Amino acid sequence: MKSSYLTNLILLAIVIALLWLSQREQAPEEEAATLSTLETEDIELIQIAREGKVNLRLERQQSQWILTAPFNARANPTRVNLLLSLLKAPVHGEFQPMDEAALQQFGLSDPEVILSMNNEQFAFGGVESISENRYVLHQGMIFLVQDDVTPLLTASAGSFVDNRLIAETNRLNRLSLPSTLDSDDRINLSLQDGQWQSDNVELSADAMKMLADSWQHAYAMQVRYLNDMALSRLQEPQVKLWLADHSEPVQLLMRQNGDTLQLINPALRLQYDFPLAMLSQLLPSPPTP
């Protein structure tokens, strides 16, 4: 009897000890070091200096990022956020360079790319051979960080332009389109009391909505900036898009080039490239015989 009682006491003590251990507050883990203490929401200016390539400048304007050099265009928010993610990139090693030879050893004596955010600079050097992490010089220290942004830093200026044909904040409320790519016949649609209406009786309500939605959400594979020569060779735009709170329409030239559908905004000097299959979504389907 005493033996059974003693065993129960021991088991009770073990249960109490385990309960205490499970409820004991864990010591807070030390936060991993990051490349910068800057907060992404505080960044108003991003500049990219690239050896042998045009420099880039992006500015935050009224909560929207704008590419302001080498030309003006809405910036691609996904790519801007990728640049900003560098600030919180985990650091896998850091040390202070002792002399110019140390900078040269890590590809930082004459860096090919320097990224600036507000007033802080990040110079990109070589890659560590084993981990393939990048050497980055920042505020007199060399940091070893996982490299997710270098391919973007060396990309064309067009890669930083928003791929959306219509800004996410703008709403389409009227369209004027050719019936086919080579036709002079036009089809007009307008949004009235929340419903799309058309002067083409062949278009059903669903077809009109799908057509308008395709223009509203059109997202290009890539965007190019047109030089003066390319701009001078353009034909007249065939497409007009009216946006809410805008008195003048957006005028676009639509053309086919091989397997690519091109939509060109001459006013912005931008060419948006889509797969040719997108043509059937952006122009009315021919009436069924």
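Which residues does Met 254 touch, not counting residues up to four places away in sequence? Met 254 touches Leu 181, Trp 215, Gln 238, Val 239, Leu 261, Gln 262, Leu 263, Leu 279, Leu 282 and Leu 283, where contact means heavy atoms within 4.5 Å. The model is predicted, so local features need pLDDT of at least 70 and side-chain atom pairs count only at pLDDT 80 or more, while totals for chains, interfaces and linings use all residues. Residues are numbered from 1 along each chain as its sequence is written, and side-chain values use heavy atoms, with hydrogens and water left out.

Met 254 belongs to the largest nonpolar core, of 64 residues, and is listed with Ile 46 and Trp 215 as having the most contacts inside this core. A nonpolar core is a set of buried Ala, Val, Leu, Ile, Met, Phe, Trp, Tyr and Cys residues joined through side-chain atoms within 4.5 Å; buried means under 20% relative accessible area, exposed over 50%, and partly exposed in between (1.4 Å probe, protein chains only). Helix 5, residues 205-216, gives the most to this core, with 4 residues; helices are DSSP runs of H or I, at least four residues, numbered from the N terminus. A second, separate core of 7 residues includes Phe 106, Leu 108, Tyr 135 and Leu 144.

The structure also holds 10 salt bridges, each a side-chain nitrogen of Lys or Arg within 4 Å of a carboxyl oxygen of Asp or Glu. In helix 5, Lys 209 and Asp 213 are 4 residues apart and therefore separated by about one helical turn; their side chains meet in a salt bridge (2.8 Å, N to O). Lys 209 is partly exposed at 45%, and Asp 213 at 27%. Salt bridges that share partners join Arg 74, Asp 162, Arg 164 and Glu 168 into one network. Within it, Asp 162 meets Arg 164 at 2.7 Å, N to O, and Asp 162 is buried, with a relative accessible area of 2%.

Note on methods: Helix = DSSP H or I, 4+ residues; strand = E, 2+ residues; numbered from the N terminus.
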